[in-house]
Amino acid sequence: MIKIRSPSRLHLSLIDMNAELGRVDGGAGITLDYPNITLTAEKSDGIEVTGGSALSERVYAAAEALLPEGEGISVHVEEDMPPHVGLGSGTQIALSAAAAVNELYDLGMSVTELAIKVGRGGTSGIGVASFESGGFIVDCGHKFSEKGSFSPSSASRADPAPVVFRHDFPDWDIILALPDSKGAHDAQEVDIFKKECPIPLQEVQEISHVVLMQMMPAIIEGDIENFGMALNHLQMVGFKKREVALQSPEVRDLIELMQDLGVAGAGMSSFGPVVFGVVDHGRIAEQIRNESQMFLDETVGGKVVLTRANNSGAKIWMD
């Protein structure tokens, strides 16, 4: 029997939703040590998925896409993460199921090849790279001529975007708040891309400047002050600005609350509603976690946890 534990990820921002230079998407993200998806798998006569995951259909579809003709697999999802909240659960569970088939049947496929097979990574390459290597990741998007539209991964068949920067994320605490609500997904997500894009070129240039000249150097140098400033900046420009504006007042207030409580920087992952803050002192992290939990308890509900980055990617082993 094989066991796989995949990380989750935070998607900090899409970079270029203008495409004037011929490329589209691009993004920056952080791989998380928790929450996880954990599953076990073994060969079987057919395809069986147990464990009660809300993402069971994705497991089945991914396994079906990879299995050699006439072969089967039994997958049990031991640990799950909520879908449509900004943690990249769809990509992680699809890749986990695909990796299980890959290992059990010795297919010898790379993570990128698995992602293409299961149709993930068509807008952001962050989730695929998080599964493969973990860390802080920047991808360079897709040729617009090949992708053909402004669209989310769920509606894109483009190959995973190439990674242009990957570095271990520093040993900083990440305060992760999961409000009891869902972010945009499926048809709603597609409509938002159509309505909001293209983003003005000046905003794309501003995002690119912040990511290249402030955020990436801050990761290399372990400079949490500049990383936090860059993270705060990204919430107010480009496609991320539009994503944040579509949230409930409580989600927007939670970002501001974390900033006011003393995080180096705070933001929302993907289409939300997951909100996170980054700090480098354990005591402060716990205090901010408690204050953020009180805020959720008094408003929309949810939970707040402390986590850190995953700098190694998914773990695969024989159980």
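**Close-up views of the predicted model**

**View 1. Serine 270 in the loop between β9 and β10.** Serine 270 is placed in the loop that lies between β9 and β10, in a model that is predicted. Its phi is near 50°, a positive value in a residue other than glycine. With a relative accessibility of 17%, serine 270 counts as buried, because the cut-off for that class is under 20%.

**View 2. Aspartate 106 in the loop between α2 and α3.** Aspartate 106 is found in the loop between α2 and α3 (111-118), and its phi, near 50°, is positive although the residue is not glycine. At 69% relative accessibility, aspartate 106 counts as exposed.

**View 3. The cis peptide bond at proline 35.** Tyrosine 34 and proline 35 are joined by a cis peptide bond, for which omega is about 5°. Proline 35 belongs to strand β2, which comprises residues 23-44.

**View 4. Serine 96 in helix α2.** Helix α2 (residues 89-104) contains serine 96, which counts as buried at 0% relative accessibility. When neighbours within four places in sequence are left aside, serine 96 is in contact with Ile4, Ser6, Leu39 and Phe131.

**View 5. Packing of helix α7 against helix α8.** Helix α7 (residues 201-221) and helix α8 (residues 224-234) pack at an angle of about 155°, and their axes are 8 Å apart. That angle makes α7 roughly antiparallel to α8, and the crossing in which α7 passes α8 is left-handed. Residues of α7 including Ile207, Val210, Val211 and Met215 meet residues of α8 including Phe227, Ala230 and Leu234. By class, this contact of α7 with α8 has eleven nonpolar, three polar and one charged residues.

**View 6. The largest nonpolar core and a separate core.** The largest nonpolar core has 66 residues, of which Leu10, Leu12, Ile30, Phe136 and Phe227 touch the most other members; α2 gives the most to this core, with nine residues. Beyond its neighbours within four places in sequence, phenylalanine 136 has contacts that include Leu12, Ile30, Phe165, Met215 and Phe227. Apart from this core lies another, of 17 residues, among them Val244, Met268, Ala285 and Leu296.

**View 7. Helix α9.** Six of the eight residues of helix α9 (residues 238-245) are buried, so the helix is largely enclosed by the rest of the structure. The buried residues of α9 are Gly238, Phe239, Lys240, Arg242, Glu243 and Val244.

Notes
Residues numbered from 1 in each chain as written. Predicted model: local features only at pLDDT ≥ 70, side-chain atom pairs only at ≥ 80, totals over all residues. Heavy atoms only, no water. Helix = DSSP H or I, 4+ residues; strand = E, 2+ residues; numbered from the N terminus. Buried < 20%, exposed > 50% of the residue type's maximum accessible area, 1.4 Å probe, protein only. Contact = heavy atoms within 4.5 Å. Axes fitted to C-alpha atoms, helices over the stretch in contact; angles between N-to-C directions. Parallel < 35°, antiparallel > 145°, perpendicular 65-115°, else oblique. Left-handed = near helix turned anticlockwise from the far one by under 90°. Nonpolar A, V, L, I, M, F, W, Y, C, P; charged D, E, K, R; others polar. Core = buried A, V, L, I, M, F, W, Y, C linked by side-chain atoms within 4.5 Å.
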